[in-house]
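Visitor: I'm new to this one. Could you show me how to read it?

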Amino acid sequence: MPGGSVVIRGGTVVLPTGQRPADIAVRDGVISAIGTEVGDEGEMIDGTGLVVLPGVVDAHVHFNEPGRAHWEGWDAGTRGAAAGGVTTVLEMPLNAHPPTTTAAAFDAKLAVACAKALVDFGLWGGLVDDNLDHLESLHTRGVVGFKAFMSDSGIDDFRRVPDGVLAAGLKAAARLGAVVGVHAESHEMVERLGAELMAAKRIDRLAWCRARPAAAEVEAIRRLVSCVRGAGPEARAHVVHVSCAEGLAQVHAARLRGLRLTAETCPHYLTFTEEDFERVGPALKCAPPIRDAATRDRLWAALLAGQVDLVGSDHSPCPAADKQKGEHDVWQAWGGVSGIQATLPVLLSDGVHTRGLAVERVADLTATAPARLFGLYPRKGAIQVGADADFALVDPERTWTFGADQLQTRSGLAPTSGAAFTVR
């Protein structure tokens, strides 16, 4: 929120202690008071009938700039963030070109982000097969963590890490007090299954799902757990975009054994099914893929049981043509979902309205937990005096349709376009 004085009056505020009616006073972008007598100095925002949530901290976005700004860029990406109630983004090292695997690449991305970003941001660094010597300089510059792929990333200049390099990277990151975010799919399994399906001339959409089964996630997470155990008690890993309850169960079991693992899932895994993928097409192609309805429901059950630490969008757009060329051959489409505007609508509609998720838990999954995990708390992640004035105001009585005119992503493609959401 910009400088000056602002008062949000009459809303139901989601505080760390729970929901209650309260007014919020803001001075120079920082929360200065919360209560029933906060004064009336400055601009007034009428929050009557609205729920005031802490602004979303999206820990998993790809804006692809510098180098591939035509895929999205910081301007379009952060417009979408603001439209979706996202006030802080943590941007991944790929698919920028060059990726953020060296200090020089970090500096180049930081310069672009500072010039164009419309919301607050942090930057991930990359962990690839040849940059272990660069991790310390990236950490010194302030990366929020290091991202690694156990399977091919789809980008030639961001190579996957074999288990040995991953273990070494976990040790190096532990010495720095940093977390390693891991794309956990078994390279060997997805390569073999993909080759078999292509040899059988399968080009239908479900071929993509069959090439990357939930078992590929579970196998990779098991191997990651072994790497974390071998890296020592200070090693920390965060498993990104888990799409199945079985993968979350592996993380949960590791935590019970004292290992420092966390896990996220994404709105597209919580709302869409394989049947939707067949209907919608390449806009829903991603890795891991969209699962069947039973898997989606088990994922929701695991989230409701507390096994999901945070929800991130994994917003990963590309030019529309790179999606459209996969309409009749799924292998030809770029894999990534444009979803930065979908996180709150999915959690409030499918979660709060349909499945009984508490609004307080939405605040934790989208703001407090990611802020804590990536060292931004208490400045970010909660509505409390002294924190940044980052808010998302929601009308709990509104039913709305996510129209194409509301979509900010540069490609104009998103699987949630046209979807109806409600919180009642």
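Here is a short talk about cores, a helix and cysteines.

Guide: First, this is a predicted model: local features need pLDDT of at least 70 and side-chain atom pairs count only at pLDDT 80 or more, while totals for chains, interfaces and linings use all residues. Residues are numbered from 1 along each chain as its sequence is written, and side-chain values use heavy atoms, leaving out hydrogens and water.

Visitor: How many residues does the largest nonpolar core have?

Guide: A nonpolar core is a set of buried Ala, Val, Leu, Ile, Met, Phe, Trp, Tyr and Cys residues joined through side-chain atoms within 4.5 Å. Buried means under 20% relative accessible area, with a 1.4 Å probe and protein chains only. Here the largest one has 94 residues, and L224 is among those with the most contacts inside it. Helix 7 (residues 214-231) gives the most to this core, seven residues. Helices are DSSP runs of H or I, at least four residues, numbered from the N terminus.

Visitor: Which residues of helix 4 are buried?

Guide: They are V165, L166, G169, L170, A172, A173 and A174. Just after helix 4, G177 takes a positive phi of about 75°.

Visitor: And how many disulfides are there?

Guide: A disulfide is a pair of cysteine sulfur atoms within 2.5 Å. By that rule the count is zero. For C227, the nearest cysteine sulfur belongs to C244, 18 Å away. C227 is buried, with a relative accessible area of 9%. For C318, the nearest is that of C286, at 12 Å, and C318 is buried too, at 3% relative accessibility.

Notes. Buried means under 20% relative accessible area, exposed over 50%, partly exposed in between (1.4 Å probe, protein chains only). Helices (H or I, at least four residues) and strands (E, at least two) are DSSP runs, numbered from the N terminus.
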